[in-house]
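Welcome, and please open the model in your viewer. We will go from one selection to the next and see what is there.

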Amino acid sequence: MHVIVMTRSTPDTAAKVEVGKDGNVTWGDAATVVNPWDEYALEEAILQAKNADGKATVIAVGPEMNNDALKHSLAMGLNEAVRVWDAALENADSLAYATAAAGAIKKLGDVDLVILGKESIDVGTDQHNYQIARKLGWPMLSYVSKILAVDYAAKTIKVERLLEEGKQIVTSKLPAVISVMKDINEPRYPSFIGIRKAAKAAIPEWSLADLGVTLPGTKSKVLAFSNPPAREVKVEMIDGTPEEQAAKLVDRLLEDKVL
Amino acid sequence: MSAVYTWIETFNGQAVPSSWEALGAGRTLADSMKIPLVALVFGKNANAVAATAATYGADSAIVSEDATLDGFRLEPFAALLTQLVNENKPKVVIAVGTSRARELLAASAADTDSSLLTEVTELELQSDGAIKVSRPVYAGKIVSQAVGSADGTQYLTLRGRAFKPNAVKSDAKADIKTVAPTLAENDIATKIESFEEAVGSVNLADAAIIVSGGRGMANNPKDAPAGVADATVWKAQDGFENTLKPLANVLGAAVGASRAAVDAGYIPYAHQVGQTGKTVSPDLYIASGISGAIQHQAGMRTSKVIVAINKDAESPIFKMARYGIVGDLYKIIPALTAEFKKRLGK
């Protein structure tokens, strides 16, 4: 059994992210972290591999800074890590990213399950998740909050999905791609030994030629980044007894036509 | 003939109201491009929903009603959308970026190797036919301006509540064309076994008002009954149910929560707002007993008006709030509920 998980390095949420003088996004010297949603995917991949006596491999598509996320993943207990990078992927859109990711997954051979974090906080989207599934031609189960049953021999999986309106139980054939939510597990912290081992690991880098993949061409382009307009908020503190505060606040909200 | 396609999402045979926002944005694009605005409705009751779409500005509609399309599944929906795009080559496919729409449009854009821009907050048609958009990235800390490719179909998903629906024209009619589904049940790898609807809750994603609680919900003055496993958790749960929810009910609001409240077991994860939870942008966000950690801000900073109620005047939430009240939320929220009831005549 072989499970694949995708990850990426993103700036720490607490970091001050802004547009630098060169027009690119910068977060100064702030450290990167594993994309917060991916931690649940990484943990689930470790658990699935352990339960089925299989192997869990982590892939990142991106420049060298993504090795930090891959080393964190290895330190958590992923078996192997690969990074895909190519000059042609510079400024790539989600379609190019997904094409490269699917190429790497196919190159790894007998893959049963791909686990993804719900979204990526840097690009602010989840679109690449569904595009990876389509490029693989495998079913996609998104927003998975529980894996209820999985049979790698019979190639079936049964999951609970957390939707806006409630919980849905779905079955699918394997191989499949799933994206997981926060409450699926409690991600572990890397152990000290894990961190030491991961620090020494050499992470192979695959080019598009290694994958035998041609990109569909970049279809959407980023033109510019800008800092959002400053939020012109000056807080108005409301004093008095709770009843007075309530009355004043409702007055204000009605004046502002918020209600 | 070329067109702007708008996917109208349905749930249990009813249109998801935020879909009308996509017809609003779609109408502007279609008029600028001088091409028709076509509503796509798949699944149960599609014909009736398509008729309503006409009143919201669709010129015509393409519908498919089939058992394979009852309840959203990505495979049959994406296969059908992709087939329609391949056959008819629309200029644009647009939808409001609900969880299902993001999935559907991303999948079909991948199938057709087309450009896709998501979480769009502003859009503008350029003279070469490419659509230029603004979208938030890095948890709203940065705005990205991006452009699709006019050479092919441009897929767009809109951030909810960023665009306005068209005014309703109740006598407007659309030509409705019926198409067969692309996939048969045997070709579909996923099967829906069951669905358990969350009872009486308002969808956070498209709520106009959200009332959220944080760690401060634990300061409930009520005594926990003897024998409960954890008195603090009981107090906070009781507070969400009997203090916050009545306020939400008066306002027709959704109930949100901070990660701290979710992780402490005060309220289920489905209510979490912020990083690793939901991103929301209501007209009014009432944060009670929430300190406003950066992870929470990431999910609600685009709310139009923020009201903060917290006992600690130094909480970061006051830095982003329009109105602040320092005090005991267990005194202020009930007073607020009573006041709203009185003023809104409920």
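Start by selecting chain A and chain B together: in this predicted model, about 7,100 Å² is buried between chain A and chain B. Carbon and sulfur atoms give 58% of that area. The contact draws on 80 residues of chain A and 87 residues of chain B.

Next, pick out Arg134(A), Glu164(A) and Glu165(A). These residues supply 11% of the area that chain A buries against chain B, more than any other three residues.

Now turn to the charged pairs. How many salt bridges are there between chain A and chain B? The count is 7. To see a salt bridge for yourself, select Arg102(B) and Asp126(A), whose closest N and O atoms are 3.0 Å apart.

The crossing of H7(A) and H9(B) is right-handed.

On H7(A), the contact is made by Pro242(A), Glu243(A), Gln245(A), Ala246(A), Ala247(A), Leu249(A), Val250(A), Asp251(A), Leu253(A) and Leu254(A). Facing them from H9(B) are Lys331(B), Ile332(B), Ala335(B), Leu336(B), Glu339(B), Phe340(B) and Arg343(B).

Key
Residues are numbered from 1 along each chain as its sequence is written. Chains are lettered from A and ligands numbered from 1 in the order in which they are written. This is a predicted model: local features need pLDDT of at least 70, side-chain atom pairs count only at pLDDT 80 or more; totals for chains, interfaces and linings use all residues. Side-chain values use heavy atoms; hydrogens and water are left out. A crossing is left-handed if the near helix is turned anticlockwise from the far one by less than a right angle, and right-handed if clockwise. Helices (H or I, at least four residues) and strands (E, at least two) are DSSP runs, numbered from the N terminus. Contact means heavy atoms within 4.5 Å. Buried area is the accessible area (1.4 Å probe) that two parts lose on being put together, summed over both. A salt bridge is a side-chain nitrogen of Lys or Arg within 4 Å of a carboxyl oxygen of Asp or Glu.
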